[in-house]
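Subject: Handover of the structure

Hello,

Here is the structure to look at. My notes on what was found in it follow below.

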Amino acid sequence: MSQTSMAQPAAEQPLQHLTLNKWFTYSSGNFIPVNDIPDKKLGLFSIAFAGDFEHIHVTQIIEFLAKYNQTVTAVCQYQPDLGLAPALCFYAQNAEQAINPLALQEFSSSLDCQLVQVATPPNLYEPGLLVMDMDSTAITIECIDEIARLANVYDEVASVTALAMAGKLDFSESLNQRVAKLAGIEKSLIEDLKSALPLMPGIKALCQILKQHHWYLAIASGGFVPFAERVQELINLDEVHANVLEFKDDKLTGKVLGTIVDAQQKAVVLKSLQQKLGLEKAQTVAIGDGANDLVMMAQAGLGVAVHGKPKVVEQAQAAICQGSLLQLLYMLAIPLNVKPNA
């Protein structure tokens, strides 16, 4: 909760008395403790986060879910990390059909919060796999557009990038078109750009926490190796997969070498890592912002759009539409299991 809301009288903070990580039923404005922990393999978990929640919000969310034939059987308030405000999780045991994420986004914006739905949620406290896109996901920029700026062809390249990310143009075709316009760029300029990559807010803290819990972290990017390797250094990733730019006489030739990391290849990376690590699908997570991330996200146990285009938000299982990527923890740390050594 914000400092402002924390300073309000207790009567205006009816959720503060709730014990974190405990499940309750909710009826007529009253929370009643329950002994049973929800079964992660059944039903749907609706997570409301990034808001200041009071009784009225609980009622409104339960009524909204009921319109989609989702009857809430338990509610829990939890806080996965001190860097995050408490969130509310609504469990609907018999729900099977998730609500369109765009509908969730529209409703939650009226409550000034975010709302996602997750089935069979991953467990932060067991080993897992996170595969992430790089451009506009792990970092805030599209590297190819920034290289194009150096070559004075930014508008031409950025317009093609936008079409490709929106799923209106084949990714491999668009990549070759865009890279061809970069011929002649000096390698030193690429190095300068690489040294100043802006990380997406929350990504470093997220990766630190995941590593503490023995998660394997990788990038599968339609971007380029020099930048992916720099991000790997910055946030301690286990491996990266990205496209190889061809240089000749320390200048870009305008060509890409080897297998292009497109939508299908991203999914291949995730599946091969899952098999290598011996993980159940439920312990695999993929995040991205573009249409070329959708196949990978569908391959994962949990696919999350981050600051994604509408098409990506609609087709992802869940979406973080604003704020820090640390918020991914809300989907990984629903209180369903006893923590090790707890």
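How many cavities of 30 Å³ or more are there? The count comes to two. Before the details, the basis: this is a predicted model, in which local features need pLDDT of at least 70, side-chain atom pairs count only at pLDDT 80 or more, and totals for chains, interfaces and linings use all residues. Residues are numbered from 1 along each chain as its sequence is written, and side-chain values use heavy atoms, with hydrogens and water left out.

Cavities

A cavity here is a set of points on a 1 Å grid over the protein atoms alone where a 1.4 Å probe fits but cannot get out. Lining residues have an atom within 4 Å of a point. Grid points are joined across faces, edges and corners, and a volume is the space filled by probe spheres set on the points.

The largest cavity has a volume of about 130 Å³. It is lined by 14 residues, and Asp135, Glu142, Phe171, Gly222 and Gly223 are the closest to its centre. β8 gives the most, with four residues. Helices (H or I, at least four residues) and strands (E, at least two) are DSSP runs, numbered from the N terminus. By class, the lining of the largest cavity has six nonpolar, four polar and four charged residues. Nonpolar covers Ala, Val, Leu, Ile, Met, Phe, Trp, Tyr, Cys and Pro; charged covers Asp, Glu, Lys and Arg; the others, Gly among them, are polar.

The second largest cavity holds about 60 Å³. Its lining includes Lys40, Pro121, Met331 and Asn337. Seven of its lining residues are nonpolar, two polar and one charged.

Pockets

A pocket is an open set of points with protein on both sides within 12 Å along at least five of seven lines. The largest pocket has about 340 Å³ of space. Of its 20 lining residues, Asn21, Lys22, Trp23, Ile37 and Pro335 are the closest to its centre. The lining divides into 12 nonpolar, five polar and three charged residues.

The second largest pocket has a volume of about 180 Å³. Lys40 and Asn337 are among its lining residues, and both are also in the lining of the second largest cavity. Others in the pocket lining include Lys41, Glu126 and Glu280. Here the classes are two nonpolar, three polar and four charged.

Salt bridges

The whole structure has nine salt bridges. The term means a side-chain nitrogen of Lys or Arg within 4 Å of a carboxyl oxygen of Asp or Glu.

Glu146 pairs with Arg149, with the closest N and O atoms 3.1 Å apart. Both lie in helix α4 (residues 143-150), three residues apart, about one turn of the helix. Arg149 is partly exposed, at a relative accessible area of 43%. The cut-offs: buried is under 20% relative accessible area, exposed over 50%, partly exposed in between (1.4 Å probe, protein chains only).

Lys181 and Glu156 also form a salt bridge, at 3.1 Å from N to O. Lys181 is in the loop between α6 (171-180) and α7 (187-194) and Glu156 in helix α5 (residues 154-165), so the pair ties together parts 25 residues apart in sequence. Lys181 is partly exposed at 35%, and Glu156 is partly exposed at 42%.

Asp238 meets Lys211 at 2.9 Å, N to O. This pair links distant parts of the chain, 27 residues apart: Asp238 is in the loop between α9 (225-235) and β9 (239-248), and Lys211 in helix α8 (residues 203-212). A network of salt bridges links Asp133, Lys266 and Asp293.

Sheet

Six strands form an open antiparallel sheet, in the order β2-β1-β4-β5-β3-β6. Two strands pair if DSSP finds at least two bridges between them. β2 (30-33) and β6 (114-118) stand at the edges, each with a single partner strand, so one side of each has no neighbour in the sheet. Strand β1 (residues 23-27) pairs with β2 over four bridges. Phe24 stands opposite Pro33 in β2.

Best wishes
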